[in-house]
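Open the model in your viewer and keep the selection tool at hand. This tour goes from one selection to the next and says what is there at each stop.

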Amino acid sequence: MNRKDLLGLSELSAGEIDEILTLGLTMKDRLRKNQKTLTDLKGKSVTTLFYENSTRTRCSFELAAKYLGAHVVNISAAASSVTKGETLIDTGKTLDAMKNDFIIIRHPMGGAPKLLAKTVKAHVVSAGDGMNEHPTQALLDMLTMREHFGKISGLKVAILGDIRHSRVAKSNLYGLKKMGAEVTVFAPRTLMPAGLDKMGAKVCRSREEAVEDADAVMGLRIQLERQKGGNFPSLGEYAEFYGVNEEIMKHAKKNAIVMHPGPVNRGVELTCGLIDGDVSRIEDQVLSGVAIRMAVLKLLTEKNQ
């Protein structure tokens, strides 16, 4: 992967995605064997710069860096000089002056990681920006599928939920299409952005149509923090008419898996039975998240060697 930063899957080639996934499988195997004292990033410094709340993404980036031997510093906007009026560019220049090797950024504004990457010498990795992309989430989703099915090409992946506000959906669509998968989407009209068909997705009129013969069914969180309200009457109605339940899953293939980027609104996007059942790969996605972020950090480090 001959690039300085990882800002989105829209700019990666299928070959680069495959390289990350292949190394991700190796890292995941090492984690299962409890091999968590590696030296690939020995002497490197990694700073996580989060302007939004996070549990899975932030923790997995921190653990990934530590498992690879790096020094890690965490910065949250609420406890930084951002509250005093410091700009993103000035924050980046400050971190660069401290000789940071990596800056992992999550920001509510789309394009913030790209702006930062132009400003600093450090490698910049997007941990999600606005409603734009969340590249490592899509990579860990694809890693989970590839490990389970042994491939991505030829799979049918159904994505249901708050697609309009989902950076996860966009990154998955970019990545899955490049790797040869079929992607179907379904959501309430108020949560379905225009132009998805031009990006290669099949926009469906019902849950049943989207899930029919699917290999993987991905629910997306209702992102109330990015909505102004009025997109649907109630969470109960959403669950009844748009959520994924056991009856809907009967339309998928018999060996289909259920996925979700988390955190899950239980009983809304997915039923508790699916979340905790044998078809769920949600916890496996979490482990994939640490592995794929280890792979990304290692590959970006090798770029400068």
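**Stop 1: a salt-bridge network**

Select Lys 28, Arg 32, Glu 147 and Asp 284, which a network of salt bridges links together. The model is a predicted one.

Within this group, zoom in on Glu 147 and Arg 32. They form a salt bridge in which the closest N and O atoms are 2.6 Å apart. Now colour helix α1 (residues 14-32) and helix α5 (residues 135-149): Arg 32 belongs to the former and Glu 147 to the latter, and the pair links distant parts of the chain, 115 residues apart.

**Stop 2: Arg 167 and Glu 52**

Next, select Arg 167 and Glu 52. This salt bridge has its closest N and O atoms 2.9 Å apart. Arg 167 lies in helix α6 (residues 167-178), while Glu 52 lies in the loop between β1 (45-50) and α2 (56-67), so the pair ties together parts that are 115 residues apart in sequence.

Arg 167 is buried, with a relative accessible area of 6%. Glu 52 is buried as well, with 17%.

**Stop 3: a pair within one helix**

Move to helix α11 (residues 282-303) and select Glu 302 and Lys 298, which are four residues apart there and so separated by about one helical turn. Their side chains meet in a salt bridge, 2.9 Å from N to O. In this pair, Glu 302 is partly exposed, with a relative accessible area of 36%, whereas Lys 298 is buried, with 17%.

**Stop 4: Leu 176**

Return to helix α6 and select Leu 176, which has its place there.

Show the residues around it. Leaving aside neighbours within four places in sequence, Leu 176 is in contact with Met 142, Met 145, Ile 152, Val 157, Ala 181 and Val 183.

**Stop 5: backbone details**

Switch to a backbone view and select Gly 262 and Pro 263. The peptide bond from Gly 262 to Pro 263 is cis, with omega near -5 degrees. Pro 263 sits in the loop between β9 (257-259) and α10 (272-275).

Select Asn 34 next, in the loop between α1 and β1. What is the phi of Asn 34? The angle is near 65 degrees, a positive value in a residue other than glycine. Asn 34 counts as exposed, at 54% relative accessibility.

Asp 213 is in the loop between α7 (207-211) and β8 (216-219) and counts as partly exposed, at 44% relative accessibility.

**Stop 6: the whole chain**

Clear the selection and zoom out. The chain has 11 helices and nine strands. Its radius of gyration is 19 Å, close to the 19 Å that the globule rule gives for 305 residues, so the chain is as compact as a globular protein of that length. Along the principal axes, the C-alpha atoms fill a box of roughly 55 × 45 × 35 Å.

Of the 305 residues, 55% count as buried. Among contacts between residues at least 6 apart in sequence, 76% join residues at least 24 apart. With the surface shown, the chain exposes about 13,300 Å², and carbon and sulfur atoms supply 49% of it. Finally, colour by charge: the mean positions of the 43 positive and 36 negative charges are 4 Å apart.

Notes
Residues are numbered from 1 along each chain as its sequence is written. This is a predicted model: local features need pLDDT of at least 70, side-chain atom pairs count only at pLDDT 80 or more; totals for chains, interfaces and linings use all residues. Side-chain values use heavy atoms; hydrogens and water are left out. Helices (H or I, at least four residues) and strands (E, at least two) are DSSP runs, numbered from the N terminus. The radius of gyration is taken over C-alpha atoms; the globule rule is 2.2 Å times the number of residues to the power 0.38. Buried means under 20% relative accessible area, exposed over 50%, partly exposed in between (1.4 Å probe, protein chains only). Contact means heavy atoms within 4.5 Å. Accessible areas come from the Shrake-Rupley method with a 1.4 Å probe; for residues, only the protein chains shown count as cover. Lys and Arg count as positive and Asp and Glu as negative; His and the chain ends are not counted. The place of a charge is taken as NZ of Lys, CZ of Arg, CG of Asp or CD of Glu. A salt bridge is a side-chain nitrogen of Lys or Arg within 4 Å of a carboxyl oxygen of Asp or Glu.
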